[in-house]
Amino acid sequence: MEGTNLNYIERTWAEINLDNMIESARIVREELLPDCKWMVVLKSNGYGHGAATMAPILERECGADWFAVACLAEAIELRQAGVEKPILILGLTQPEYAGLLLKYDLTQTIGDLDYAKALSAQAVKAGGTVNCHIKINTGMNRLGFNSTDDPEETLAELEKIVEALGLPNLTCDALYSHLYNSTVYDDAGREECYGQYNRFIKMRYLLKQRGYTFPNCHICNSGGVVNYPEMKLDMCRTGSLVCGVQPGEMQLRYPAFRHVLELKTRVALLREVKKGECVGYSSNFIAGVDMKVAVVSCGYTDGYMRCNSNRGMVLIRGRRCRVIGNICMDMMMVDVSDIPDVEVGDIVTVYGRDGEEYIPCAEAAEIAGTIEPEITTVIGRRVPRVYLRGGKVVKVDDYLLGGRF
């Protein structure tokens, strides 16, 4: 169609390099022991990269054994995309949806006795048995049965787990926990991670004494796989690593994981701004000299967060350009005074590479005071995901139009 590239509209788009994803997946898979199962976490639409497109490739070409998501809808999306491997829901599913857990053959996290009882009752009504993973809270204090350094408290929680394991129409093949400080490899981080690991192992031992064993114990997340390989158990979970997105100050014991996503847009308009004139909302930028300004078709709804106002950088014609003024919902303004040949329609690289220059997601994360996964997960649904293999576009996911226009 005239004015389009394949089946998406080039306003703002995210290019997803599947070759980089496959290479990162290979690195992760090779670093796990042969008998260690690999659970790929694809919550929040695969960290913004498109879970429904990623998962079948990771399953069929990269050796993924399990998948994990945050909620029931994300799990169903993967099943509808053709995923056949087991899928763990890390968050809570309302017990009344037990029938959907059964219909789509999904595994549910359990970390509370009352919840386990309610889910059991609904599973009985639905006429099936729901598979579960028991979550152990080892210090993060989010979800899970408690396992602390207090023996009495741990034993009290042990009794609750044993009761949950005896409920009808629930079965459990795994015990797991989550390392909350595994991405920063320093003395404090090591102490906390080893404290968590030891509490988890203790709970596993106590349950084994009661006659309960689990073939799929897991505690290592992405940070754990990189920084604490000695904590690999029956299974490891990685999510952001296959996207080349590293949460926190990840220690690169393994080869560098290349970013999978680049965010691009275009120059919509060029204008001359006189000294003393303002740019953007709230007069947040006043021109100190006469300037050439590019209006760019990307705003905070598209995923370029407002906290980058007057601080962020983008690439145009292989050169860095400063974002000026407050970022708008749908647009932002950029100083292009030093690029005399800039034109309307030029590609603007928000994250990614243009020639010799490169702006990684980590740079935007540092400016925003956050971590890389947040940078990619906030990219809006009106931004098409354009998938490339061998440098060629092989698929486009347009969540608004689906190529129908």
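This is a predicted model: local features need pLDDT of at least 70, side-chain atom pairs count only at pLDDT 80 or more; totals for chains, interfaces and linings use all residues.
Residues are numbered from 1 along each chain as its sequence is written, and side-chain values use heavy atoms, with hydrogens and water left out.

**Entry 1: two asparagines**

I found Asn141 in the loop between β6 (130-137) and β7 (145-146). Helices (H or I, at least four residues) and strands (E, at least two) are DSSP runs, numbered from the N terminus. What is the phi of Asn141 near? I read a value near 60 degrees, which is positive in a residue other than glycine. Most residues other than glycine have a negative phi.

I then turned to Asn169, which sits in the loop between α7 (151-165) and β8 (170-176). Its phi is also positive, at about 65 degrees, and Asn169 is not a glycine. Asn169 counts as partly exposed, because its relative accessibility is 24%.

**Entry 2: cysteines**

How many disulfides does the structure hold? I found zero, taking a disulfide as a pair of cysteine sulfur atoms within 2.5 Å. I checked Cys62: the closest cysteine sulfur is in Cys243, 12 Å away, so the two are too far apart for a bond. Cys62 is buried, with a relative accessible area of 9%. For Cys361 the closest cysteine sulfur is again in Cys243, at 10.0 Å, which is too far for a bond. Cys361 counts as buried because its relative accessibility is 2%.

**Entry 3: Glu77**

I located Glu77 in helix α4 (residues 72-80). Is Glu77 buried or partly exposed? With 31% relative accessibility, Glu77 counts as partly exposed. Apart from neighbours within four places in sequence, Glu77 is in contact with Ala51 and Ala52, where contact means heavy atoms within 4.5 Å. I also looked at Lys43, which is 34 residues from Glu77 in sequence, with 11 Å between their C-alpha atoms.

**Entry 4: Arg271**

I placed Arg271 in strand β10 (residues 261-273). Its relative accessibility is 45%, so Arg271 counts as partly exposed. Which residues does Arg271 touch, not counting those up to four places away in sequence? I listed Met291, Lys292, Val293 and Val295. Tyr180 is 91 residues from Arg271 along the chain, and their C-alpha atoms are 48 Å apart.

**Entry 5: the whole chain**

I counted 11 helices and 18 strands in the chain. The C-alpha atoms fill a box of roughly 75 × 50 × 40 Å along the principal axes. Of the 405 residues, 53% count as buried. Among contacts between residues at least 6 apart in sequence, 67% join residues at least 24 apart.

Methods
Buried means under 20% relative accessible area, exposed over 50%, partly exposed in between (1.4 Å probe, protein chains only).
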